[in-house]
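Here is a short briefing on one protein model. Look at the sequence and the structure first, then work through the points.

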Amino acid sequence: MAVTKQSIFYFAVGIILIFSQIQNSLAEMMPKGKTKFKFLSNIYHQNGNDGAQVADNSGREEVNVFEPMIFIETQISEHTAINADFVFDAWSAASDTKLDGFTGASGKGIGPQARVSGNFGIRQEYGSTEWHAKLGFSSEYDYRSFNGTVGASKGFANDNFTLGMDLRYFADGVKLFQDITPTNTATISDFLPRQILAVSMQASQILTVKDIVQLSLDFVRATNNLESTASTVLVAGVREVEDLPDSRARYSAGMKWVHGVGEDSALHLAYRHYFDQWGLSANSVSASYFIAMNDDQDLLEFSTRYHQQSQVDYFAKSFEGSHTGFKTSDSDLEEFDSYEFGSSYAYSLGDKQILGIDLESIIWDNGVNYAIRTNGLRYAYWQSSVGFEF
């Protein structure tokens with residue numbers, strides 16, 4: 001990802017949405033009064049020297065993110081559960097610091113930055129039907145978000161086939177740099193509105209005792225002030241803020257096949273196709289191999305992912321002074337291939353009593369991923385979590 005506060009925000013939100021989907025579509029109702037708790041920590045690092053959007057012309061795309069997260073769900077009745085998650089991000093980014101510095105006399109920028117967010121939800125089960133809803137918020141120096149989610153899923157044919165749908169809406173605000181001068185000064189706006197509507201549909205079918213197929217369709221429409229906070233363009237040798245359309249519609253379709261291999265392992269294969277209103281199209285292929293160990297108490301995973309995309313219609317490394325129309329040099333929006341590899345190990349600690357509290361099904365999970373892009377960007381992240389019931 002390019003070094004922008006917006007991309008860091010969506011990196012974190014993406015993780016939250018993944019866990020949200022898992023909780024909504026896969027979690028079974030617990031006995032009344034039971035609580036699930038998970039503490040998860042992400043450490044993310046990226047680097048690169050070819051980011052044409054970086055304001056000081058260095059191309060440097062270094063960023064470091066520390067992201068602790070808490071997930072909790074409580075069963076308040078036989079068919080109703082409430083849940084919440086909380087996230088705190090702290091990061092430093094070379095291009096953010098440089099561009100922020102343009103707004104002050106010192107030129108040093110505001111340094112490390114942080115974001116806090118939370119989501120509060122409910123799940124209700126009626127036989128083979130479940131509905132869920134969430135409200136959330138996020139706040140940082142130059143980006144804020146208020147969002148809501150509603151969705152439902154239903155099982156058919158003794159739950160061998162499941163169909164689900166989610167609707168999400170984000171009412172966001174973003175501060176954008178409005179002008180950059182040759183003397184390295186800039187003005188930043190007040191919060192400007194941005195709206196995002198996302199609709200997703202999922203279906204899963206059990207084919208055999210060892211095979212499951214999952215299908216997904218997604219539509220996302222973003223409107224108003226879609227420029228990135230820290231992205232600039234080079235026009236006739238002079239830095240300017242990027243200029244992008246006020247709407248972007250995105251479409252994607254995916255398929256996943258889960259196949260049991262023997263009694264102790266499983267293979268996951270997935271494909272996703274994406275295209276949008278700005279002319280970008282992409283294809284992603286991923287594979288994961290899971291091995292159950294220690295009498296099915298522990299789980300080892302190896303994963304890989306290949307992603308290929310074209311660039312948006314408005315991308316260029318630099319622009320002529322006579323250029324008119326939209327323009328961006330964001331490396332997230334240019335043509336590239338990426339290759340990602342990862343592994344994780346989930347270790348069962350069983351049941352333990354800690355501080356007089358009986359904790360059940362304690363799982364300690366650690367994973368690491370590394371990726372490289374053909375446009376010079378490299379990133380890696382380590383993820384560790386502890387989860388249990390009580």
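**Salt bridges and strands**

Asp 50, Lys 317 and Glu 334 are linked in a network of salt bridges. A salt bridge here is a side-chain nitrogen of Lys or Arg within 4 Å of a carboxyl oxygen of Asp or Glu. This is a predicted model: local features need pLDDT of at least 70, side-chain atom pairs count only at pLDDT 80 or more, and totals for chains, interfaces and linings use all residues. Residues are numbered from 1 along each chain as its sequence is written, and side-chain values use heavy atoms, leaving out hydrogens and water.

**The network pair**

- Glu 334 and Lys 317 form a salt bridge, with their closest N and O atoms 3.7 Å apart.
- Both residues lie in the loop between β17 (298-309) and β18, so the pair ties together parts 17 residues apart in sequence.
- Strands such as these are DSSP runs (E, at least two residues; helices are H or I, at least four), numbered from the N terminus.
- Glu 334 is buried, at 7% relative accessible area. Buried means under 20%, exposed over 50%, and partly exposed in between (1.4 Å probe, protein chains only).
- Lys 317 has 35% relative accessibility, so it counts as partly exposed.

- Side chains of opposite charge can pair when their charged atoms come close.
- Asp 89 sits in strand β3 (residues 80-93), 26 residues from Arg 115 in strand β4.
- Are these residues buried or exposed? Glu 67 is buried at 1%, Arg 115 is buried at 1%, and Asp 89 is buried at 0%.

**Paired strands**

- Strands β18 (residues 336-354) and β19 (residues 357-373) pair antiparallel over 15 bridges. Pairing requires at least two DSSP bridges between two strands.
- Gly 342 stands opposite Asn 369 in β19.
- Two residues separate β18 and β19 in their hairpin, and Leu 355 in the turn has a positive phi of about 55°.
- β19 also runs antiparallel to strand β20 (residues 378-389), joined by eleven bridges.
- In the hairpin of β19 and β20, four residues lie between the strands, and Gly 376 in the turn has a positive phi of about 95°.
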